[in-house]
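Visitor: I would like a close look at one pair of helices in this model. Could you start there and then show me what lies around the pair?

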Amino acid sequence: MGDINFGANRLGKNPGVSALILSSLAGGEKHGYALVKDVADFSGVEIPPGTLYEALARLERSGLIEAIASEDRRRPYRLTGFGAKALSDHLAAQRQVVEVGQSRLSQGWSFA
Amino acid sequence: MNSLMTPGRRAKRLLKFYPQPWRDRYGAEFIDFMEQSIDDVPYNPKRTANIINKSLKSRIAEVGIMGPSLDSANASRTALSTSTVLTTFFTVFALFYWSCAMVSWNSNPRVATSLSVSLWMGAITVSTMILALTLLLIGVIFVIHALRFTFSKRDRKFTWPLIIALSSVVVVLNAIHQFTRLTIERGGIQWTQLGIGLKQVAGATQWVTQSLIWGPSWAAQSDFSQDVLHISSTAAVIVLALSVAKLIRLSEFSLAANRFGRWTSRLLSLGMVLFILSYAGWEQAGGFNNAWIGHFTQMQNSLFFLIALIALIGLLSSFRANRHPNEIGAILLGGAKK
């Protein structure tokens, strides 16, 4: 139980959006628009711009991601080691929730 | 009109909703992002609403009231400047309410004032003094710092806020002089008799503060020079608070100054809370019962709730400073390697 909370807490407020961003950056560095497109491709979730930049600022401040210096207007972001660990903990906790939920559903529910 | 605007112009217009530090940090990439987003989906009210919502949150965070500011390394500077503005408005009201209580305290020779009323009166006086003297100290420190910086380093960043702050001080001092002229003409404060002297100070304070609070609404009811005095003195207090806050925001804080800022903003917010509690205690103990002045009007009660709200915002602002995680915390916690 404590592990689940710990995993979510390190991603801060709105862990769902944070996990999507970190999962996208786990595949390599990306700038804002490429990141949103990637998240939409693998999850079907459209992150609006205000929410995206709020989350990027929060993750950067927490040291989970870092901005890469760029001459261009497009500033890419990459996952830090700490961010990878926090994402791994979060996904492990989520996996535990998925396993428990699926096992309980399979015992008493049937879906036509 | 909107259809004629290019994606770049629309993006720049949306960027203006965000505060300056945010624009400095994310402005270029945000415009790039929005240009591509507008190219893909030209009109999306949900997207605009999301930006307005998040930018407003960002503005609130930037003045240190809730949520982490982008400038989290200088959170105490943000907290101090916000507390200074809030406390200045609060203190004008606090001085008015203190003067009402002090004028009415022990004023009926037929009825002795109870000990509890006197104790609460003491607490009101102490909290008001803490607020007024701390604000005075902050003003003096930052004006002297700005003057020294301007003359020694020949940097002009402080020049305009400094000129505006000093001009406001002149207007406020002139207003105090004008509003207390009656007391001065009657021979001034009788400091040799402490009780009478304190009542006279309270009377003069009541006249000055009620002129500052309600003065602008009295305009056009008296002669022109009085109207100018009432409106300009209220405006000068507001401008003075904002210009001192600007001096604080422009100052570079050392580690020691960060500590000073954090603790001073906390002292100000605790002073405000102490005042509210003391006044509530004074009223509950029957502070008004022995007085020749009546209970508060509905308007005065409403204003009291307003300053209680200011105290609450001040408390939130000062105790939220430096509570947010940063990169150093992340480094200490360790992480994975690729």
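Visitor: How are α5(B) and α10(B) oriented relative to each other?

Guide: Happy to walk you through it. This is a predicted model, in which local features need pLDDT of at least 70 and side-chain atom pairs pLDDT 80 or more, while totals for chains, interfaces and linings use all residues. Residues are numbered from 1 along each chain as written, with chains lettered from A and ligands numbered from 1 in written order.

Here is the pair itself. The axes of α5(B) and α10(B) come within 8 Å and cross at roughly 155°. The two helices are therefore roughly antiparallel to each other. (Axes are lines fitted to C-alpha atoms, for helices over the stretch in contact, with angles from 0 to 180 degrees between N-to-C directions. Under 35 degrees is roughly parallel, over 145 roughly antiparallel, 65 to 115 roughly perpendicular, and the rest oblique.)

Now the residues that meet. From α5(B), the contacting residues include V117(B), W120(B), M121(B), I124(B), S127(B), L131(B) and I138(B). On the α10(B) side, the partners include T264(B), L268(B), G271(B), F275(B), S278(B) and W282(B). (Contact means C-beta atoms, placed from the backbone, within 7 Å.)

The largest nonpolar core contains 51 residues, and I124(B) is listed with A101(B), V244(B) and L247(B) as having the most contacts inside it. (Such a core is a set of buried Ala, Val, Leu, Ile, Met, Phe, Trp, Tyr and Cys residues joined through C-beta atoms within 7 Å; buried means 20 or more other C-beta atoms within 10 Å, exposed 12 or fewer, partly exposed in between.) Seven helices of chain B supply at least two residues each to this core: α4 (75–104), α5 (115–153), α6 (159–179), α8 (194–218), α9 (224–250), α10 (255–284) and α11 (298–320). Both members of your pair are on that list, yet α4(B) gives the most, with 15 residues.

Step back to chain B as a whole. Chain B has 12 helices and zero strands. (Helices, H or I of at least four residues, and strands, E of at least two, are DSSP runs numbered from the N terminus.) Of its 338 residues, 34% are buried. For contacts in chain B between residues at least 6 apart in sequence, 77% link residues at least 24 apart. The loop between α9 and α10 of chain B holds F253(B). F253(B) is partly exposed, with 17 other C-beta atoms within 10 Å. The C-alpha atoms of F253(B) and S76(B) are 8.9 Å apart, although 177 residues separate the two along the chain.

For contrast with your pair, look at α1(B) and α2(B). They pack at about 140° with axes 8 Å apart, and are therefore oblique to each other. Their contact involves, among others, R10(B), A11(B) and L14(B) of α1(B) and F30(B), I31(B), M34(B) and I38(B) of α2(B). Among the buried residues of α2(B) are W22(B), Y26(B), F30(B), I31(B), M34(B) and I38(B). The buried residues of this helix pack against α3 (32–43) and α4 (49–61) of chain A, together with α1 (7–15) and α3 (45–62) of chain B.

That brings us to chain A. Its secondary structure comes to five helices and two strands, in the order α-α-α-α-β-β-α from the N terminus. Buried residues make up 35% of its 112 residues. In chain A, 55% of contacts between residues at least 6 apart join residues at least 24 apart. The axes of α2(A), residues 15–26, and α3(A) come within 9 Å and cross at roughly 100°, which makes α2(A) roughly perpendicular to α3(A). There, L20(A), I21(A) and S24(A) meet L35(A), D38(A), V39(A) and S43(A). Finally, K85(A) sits in helix α5 of chain A, residues 81–108. K85(A) is partly exposed, with 19 C-beta neighbours inside 10 Å, and its C-alpha atom is 8.9 Å from that of L64(A), 21 residues away along the chain.

Definitions and conventions. Contact = placed C-beta atoms within 7 Å.
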